[in-house]
Amino acid sequence: MKPLKGNSWLWWAVIAPPLLLIAVPAGTLVTSSFRDAPPGATGSWTLANYATVLLSPHVWSVAVTTFWIALAATALALSAGFFLAWLVARTDIPGRRVLSAVAIVPFLAPSLVVAIGWAILGNPDNGIINVFFRSLTHGNGNVVDVYSYGGVALVMSFPAAGFIYLMMLGPLGNSDPSLEDSARLSGASPWYVFRTIQAPLLMPAFLPFAIIAFIRAIEAFEVPQILGTPAGIYVFINFIYDALKVQTPPHYGTAIALSVLVGTGALLIVAVAARLQQTRATVTGKGFQPRRIKLRKSKVPCLILAWGYLALVLLPLGAIVLSSFWKLLGNYDPKLATLANYQFILTDATTQRALVNTVALMFCASTVCVVIGCLVSFALIRKIRFGRIAIDAVLLIPWAIPGLVLGVALLWTYINVPGMYGTFWGVLAGFITLGIPLAMRSTSSVLAQLSPDLEEASAVHGANAGTTLRRIVVPLIMPGLIAAWFTLATLFSRELSVAVMLYGFGSEVASVQLLSYWQQGEGTRVAALSVLLVAFVFGLYVLQARVTKSARVPEPQ
Amino acid sequence: MSAASRLRIEALSVAYGESAVVHGISLEARDGEFLTLLGPSGCGKSTILRTIAGLVEAASGAIYIGDRCVTNPAAGVRVPPEGRGLGMVFQSYAIWPHMTVRENVAYPLRVRHKPEREISAAVDDMLALVGLSDYAGRNATELSGGQQQRVAIARALVFSPKLLLLDEPLSNLDQKLRLEVGAELRKIQVRTNVAAIYVTHDQSEALALSDRIAVLREGKIEQIGTPEEIYERPATPFVSWFVGKANFVPCTVERIVDGASGRRVAVTAGQGRYAVSAAAAGEFAPGEPAMLMLRPEDFTVGDDEPGIPVSVREQQYVGERRQYTGDFAGTAVEFTTERAVTLAVGDAVALRVVGDRGIVFKSAAVAALK
């Protein structure tokens, strides 16, 4: 792969806009963390923001909370995700096909909806479970309180468990069974084989995903916001949100400095994980038929564990569906059943606008991202050699840092750009910025499989770079691009943490509207809107499976 | 044979789901014996081996290792692989990539919680036996295919099992190395006096290494015997065709002679009259058209006496011999000659048959092969 000389300036022109979309907000965020006034206002250079953050005992206690909750959520997610993948890939568990389909639900279901579902199920006042328990015992105690550390960690574990499940299916299914068979024949029990052979062999594939899962737990916004805030449980992200959006006057300085610190930390750790992923020793599989382990007596306990965990995701979704047809949360008297919630969200002007905006943003942002991803990956794979490390680092930023921090950075940048602050275009630019790394990863793996010979043949026969891209490259990679488009569409259709910073009157999106109804105490309307959102996300997934006829390569979001 | 039975298989059947892949086979291997399961892919040979190992479950029948029953579905006996005390070498070698050579070989002893001194001594001995003493500290994945193979053998033998299972262990090596490693494997097997069950689809490996060969076809045993028996007195057209090269020359049965050494048949093929062995299966009647199986090296070329007339269609010089394909009334006949015998394409020659070589099969049995 030799870079073509002469027209490389053209490729620099191609990658400059996405680089600027990311680099300018990142620069703005870092710069303003050293200023004592918001962008646009007159101010002077200072270190006071960092001093405030680092010297505040409250911030340190938030740090400790964040760490422990993320650790607990990750540990739970890793065990559950690995266990589910193992059951599906390597055992004869009954109903494997159903299990493998349902195990994707934790990955697909928007965290916001699952968190709200759990709030409906297990809030200490009128949570369905608690109400039911009281009616049984005629007491007034509580069985569950999801507004707690455990509640936050549990619900936070779902998307990560789904992610680990999807990521480990391949390595588990492809591993050479004779490596295990030979250990069994050497006299080792299945558990000994797992400890000494399987686990060490899977570790290189597992570790980067485990790190990413941990980072995503630290960066999660929805779950701590819904389940942590009511109990005064603050992690970095809802602390930043609180400082910017809830407190009056907003504590800009603290929030921005903390954002920079958390973002930088996340970026470094993600870079390490990406590095591990590149250098990992691959255990090659060559068309092995994985031998399924007979569970025999362990069948029932395994079924209970697997479905028990999945029930923890399915139950809140059920609670959401149920609540969407009732007047009040917590009181499911048949006389109070109603369609009014759906009527409301389908006729209310703001909600209608939010739904239209969500769909429009999803289509526009996904399409633009795929195009940018293609052009940039192509430029980086074939044409541009200079400054690769720096470019890669910049393109990693939106994926690595917390969505809310990215939102803050974008907000601080767009605030001074006419037509961008609080508008549809601002949210669109934000979504595109967020989606670039994901688009890059999806498209570059597709492009990497293209042989340069095919393009060179086109060039030899008289086509210029543009024609080659349009006539040769794009048709070859179309299926991969469609899969990438759906991955991005799924991300954007449920995106909250960037949108919540950038939206304004007229540019609301569905997830922001959900959060806002929830904060207004409109629980049943939230439920109805959630049902629509979940149906939409699942519909996208089914459509994608139909269109590409293969499971897409999922990415953590 | 006074040696004890090391492995006994009784009426073993194995099925994958609905489809049966092994149909009631019975086998026995003695202590120190090298028994080969030979057959084309899909004949069930690997399945039998994996059933012996306990990696695949039997549908019916029984397997005994020594005196101990390890598989008997009817009686609910199903000893797990780790309880069978077998050594096994896999086609992929299955060398654990995260361990050194020494750790790989030591694993079966570690599992058995042997004292560290004993492990160390046994591993050193095994590595010396397979000639890998200098590689003990290497990462197993840095080794060549042939060396990985030896690690696999050392690991399978380190705990002195009485029975060694080998699943196409030479198939990933190149031709030259294959012969070398095969001979070495046989030497080690003889020295350790372990009974070996060896699975291969390569007939030359099977002939060179085995004490006895079981030829399998579609989950059934076609013939069990020494390499000489298999090659020289194949029981079925399939065995003759699969082991070595076989010509099936149309002939007519003249008369049947029952002698002390079994049934013999006098046949005519072309102008030649031959008294040859009859196949074990099937009765022949005088005047019946049949098939005379002859190997390429069973012929000599001579035009002085009546034989099988062929016209030469192709010729190939392969170094030690010359190979020809001739045409006998529409049947292709392969034969080899000394280097010195040079025939040109189009030459008409008569082929004579050496000694009493050749076996007569029923025409229908040969036709079923095609």
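**Exercise 1.** In this predicted model, find which residues Val408(A) touches, leaving out residues up to four places away in sequence.

*Solution.* Step 1: apply the contact criterion, C-beta atoms within 7 Å.

**Exercise 2.** Describe the largest nonpolar core: how many residues are in it, and which touch the most other members?

*Solution.* Step 1: the core holds 166 residues. Step 2: Val408(A) is among those that touch the most other members, together with Ile164(A), Ala213(A) and Leu488(A). Step 3: helix H8 of chain A, residues 149-174, supplies the largest share of this core, 16 residues. Step 4: assign the core to domains; domain 1 (1-23 + 340-557) and domain 2 (49-323) of chain A each give at least three residues. Step 5: another core, of 114 residues, lies apart from it, and its members include Leu38(B), Leu163(B), Ala246(B) and Cys251(B).

**Exercise 3.** State how chain B is divided into domains, and find what distance separates the domain centres.

*Solution.* Step 1: domain 1 of chain B covers 5-235, and domain 2 covers 245-369. Step 2: taken over C-alpha atoms, the centres of these two domains are 38 Å apart.

**Exercise 4.** Determine the mean pLDDT of chain A, and locate stretches where the pLDDT is below 50.

*Solution.* Step 1: the mean is 87, with 95% of the residues of chain A at 70 or more. Step 2: residues 280-287 of chain A fall below 50; this stretch has eleven contacts in the model beyond near neighbours in sequence. Step 3: residues 551-557 of chain A are also below 50, and this stretch has 17 such contacts.

Terms used. Residues are numbered from 1 along each chain as its sequence is written. Chains are lettered from A and ligands numbered from 1 in the order in which they are written. This is a predicted model: local features need pLDDT of at least 70, side-chain atom pairs count only at pLDDT 80 or more; totals for chains, interfaces and linings use all residues. Domain bounds come from an automatic or database domain assignment. pLDDT is the predictor's confidence in each residue, from 0 to 100. Two residues are in contact if their C-beta atoms, placed from the backbone, lie within 7 Å. A nonpolar core is a set of buried Ala, Val, Leu, Ile, Met, Phe, Trp, Tyr and Cys residues joined through C-beta atoms within 7 Å. A residue is buried if 20 or more other C-beta atoms lie within 10 Å of its own, exposed if 12 or fewer, and partly exposed in between; C-beta atoms are placed from the backbone. Helices (H or I, at least four residues) and strands (E, at least two) are DSSP runs, numbered from the N terminus.
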